[in-house]
Each structure stands twice: as structure tokens, then as C-alpha cells.
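Subject: Structure for you to look at

Hello,

Here is the structure I said I would pass on. Please open it first and then read the notes below it.

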Amino acid sequence: MALASFALRAKPLLGAALQVRSDFSLGYLAARACPAAVVSIAIGIVTGIARLAIPGGNDFSWHLRAARHLIAGAEIYNDSLASDPYHHVPYPLPAAFLALPFAWLRDDLAAAAFFGASAAIIAWCLIRAGEAWRLSIFLSWQFLNALFNAQSAPLLLCLYFLPSALPLVLVKPNIAIPMVLTQFPSKHGLALTLAISLTSLALYPTWPLIWFGQLGSYRGVSPISVLPFGPLIVLALLRWQNREAWLLILMAVMPQRMVYDQIPLLLTARTPRQLLLLVECSWIWILPTLLFNSNFYAAWPQ
């Protein structure tokens, strides 16, 4: 009798639960998840094919070589990976983990696969956040410059929308930290970051010391220090209540080396019109390439 009474009371609740699950699994997937996945995958495929037209692995070569050395048990922070301060700037060891799934591929194929996957993940994050209008970021000079160089910088945009993506701060700390500090980290993100950090130390206990020792070749510029207009960036604090203002200030303080490092600045746009204006203005950065190609690394901050 008791079991029968419980079953009668539980039947409506069970039916409601099943209905919710049905709505989630069918309605949600049909209305939101599937279209978002299709668009994201399409963007990733197009981006990967575009990247495949560029020979070599470019900046992703460091990740690939480090991953292959890690697999082979060879020295990761050797002189050949840090001899050129422009093309082989050392990364933290966890950055090599990004290349592990692609280490078996030829350099150009690996770079294309990684960058295409990064573009798909970014697109998914933007659509998932209900801000599909931000997809115009893919039309910016910063993103195109990152594509030419097979850079991991665009992937860090996920940090702005997914607190659980906190482990990406271990890839390019100078670019990731501004986005991390504009929000509260999640417990899952902290746990994953700690786990990956401990794993890297278990594999190579002294890598932080060696990495810090090789950073002397890094030639970065803090935008806030570039005269005459750099210091004016502090005026953003007039909007100190806004997350975007803090992102701008923190990015201005961090040292940067190339145009692709500034892709997080596109997140300061709060409307489609603002982002379109930033994307249009981003192409101004191509002028140093055309006018100062022989000394680009020294000229671009101006």
C-alpha cells in the first residue's frame, strides 16, 4: 500500500522530469546547440583551410617541438628554441600540452588543425554567451595576423566567457591575466589549473626556473608607457564600474610584442556598432608593416 501511494505521488514528478529532459535534449539541441555547433565547426574548417595555405608551423612550432621533445623525453628548453628572440620566445611548459594532439602531424598541418580548432572553440563561446555579433572579431587585423603566425593568442578569448578555461592562463600569462582578473574564477577552473601545474612540475620540476631565465630575450612593450598617448589610457578608470574598462587598463599594463597580442581589446566593445568600429580601426595596424617592414618589431608600438 505504501509503495502504491508513493508511486501515485511520484508519477507527476517523474513525468515532469522526463518532460524537462526531453525538452532539453531535443528542443535545446535543435534550437540552439546544433546551429551553434554547425556555425562554429564551419568557421573552424574555413579558418583551418586558410591557415593551411601558409607554409610551416610559424609560432606554433615552439609548441610542436616542445610537445615532441616531451614525448621523446628530450630537453625542452634547449638553446635552439630560445636562440631567436622574435620567433622562438619560450612559453611555459603547459603551453606544450596544446600541441600534444597534433604532434604527430607535419608542422603546417598541425598549425592548421590547431588554429582551426581554436577558431571553432572561440565561435562556440561567443554564440553560447548569446553574443554572436562578436563573430566579427574574425574579420579584424589582429585575428588575421594571428592566423598568419599560427598564434595561440585568439584561443585565450575563451577566458572571458568560460571561467573554467582558467588553465589557459598557463599558456600566455601576459595576455591571459587581464581577462582572468576581470571576473571571479570558478572552482573547476582553479582545480584544473592546479592539476595541470602539478602535472607539468612532475614531468619537469625545474621548468619554471629555466623558463624565467630565458625570458630575457622577450622584447615586449607596455602600451601604457608608449608616449605621448599611452598614459591617457588611465582615463578608462572613469568607467571603473565596467568590466571592459578594467580589461583595457590591465591589457595596457601588460607587455606585448605583436599585434595579435591585442586581440582581447576587441572585447571592450559593448555593442555590434562599437565592435564594427574597432574591427575597422584594427586595420590601421597594417601601416607599420607597410611603412617599417625592415624594422617592424621596433616600429609597431608607435
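**An arginine in a loop**

R134 sits in the loop between α3 and α4; helices here are DSSP runs of H or I with at least four residues, numbered from the N terminus. This is a predicted model, in which local features need pLDDT of at least 70 and side-chain atom pairs count only at pLDDT 80 or more, while totals for chains, interfaces and linings use all residues. Residues are numbered from 1 along each chain as its sequence is written, and side-chain values use heavy atoms, with hydrogens and water left out.

Is R134 buried or exposed? With a relative accessibility of 4%, R134 counts as buried (under 20% relative accessible area is buried, over 50% exposed, in between partly exposed; 1.4 Å probe, protein chains only). The R134 side chain reaches the backbone oxygen of A269 at 3.0 Å.

**Aromatic rings**

A pair of aromatic rings is described by the distance of the centres and the angle of the planes. Rings of Phe, Tyr and Trp (its six-membered ring) pair if their centres lie within 6.5 Å; planes under 30 degrees apart are stacked, over 60 edge-to-face, and the rest tilted. By this rule there are 13 aromatic pairs. One of them, Y77 with Y204, is edge-to-face, at 6.1 Å centre to centre and 70° between the planes. Y77 is in the loop between α2 (60-72) and α3 (107-128) and Y204 in the loop between α7 (187-203) and α8 (207-214), so the pair ties together parts 127 residues apart in sequence. Y77 is buried at 5% relative accessible area, and Y204 is buried at 11%.

F115 and F143 form a tilted pair, because their ring centres are 5.3 Å apart and their planes are at 45°. F115 belongs to helix α3 and F143 to helix α4 (residues 141-149), so this pair links parts 28 residues apart in sequence. Both F115 and F143 are buried.

W62, Y77, Y91 and Y204 make up one aromatic cluster.

**A cavity**

A cavity is a set of points on a 1 Å grid over the protein atoms alone where a 1.4 Å probe fits but cannot get out; lining residues have an atom within 4 Å of a point. Which residues line the largest cavity? They are L159, L162, P163, L166, V180, Q183 and P185.

Regards

Note on methods:
Helices (H or I, at least four residues) and strands (E, at least two) are DSSP runs, numbered from the N terminus. On a 1 Å grid over the protein atoms alone, a cavity is a set of points where a 1.4 Å probe fits but cannot get out, and a pocket is an open set with protein on both sides within 12 Å along at least five of seven lines; lining residues have an atom within 4 Å of a point. A polar contact is a pair of N or O atoms within 3.5 Å; within protein, one must be able to donate a hydrogen and the other to accept it, and residues adjacent in sequence count only if both atoms are side-chain atoms.
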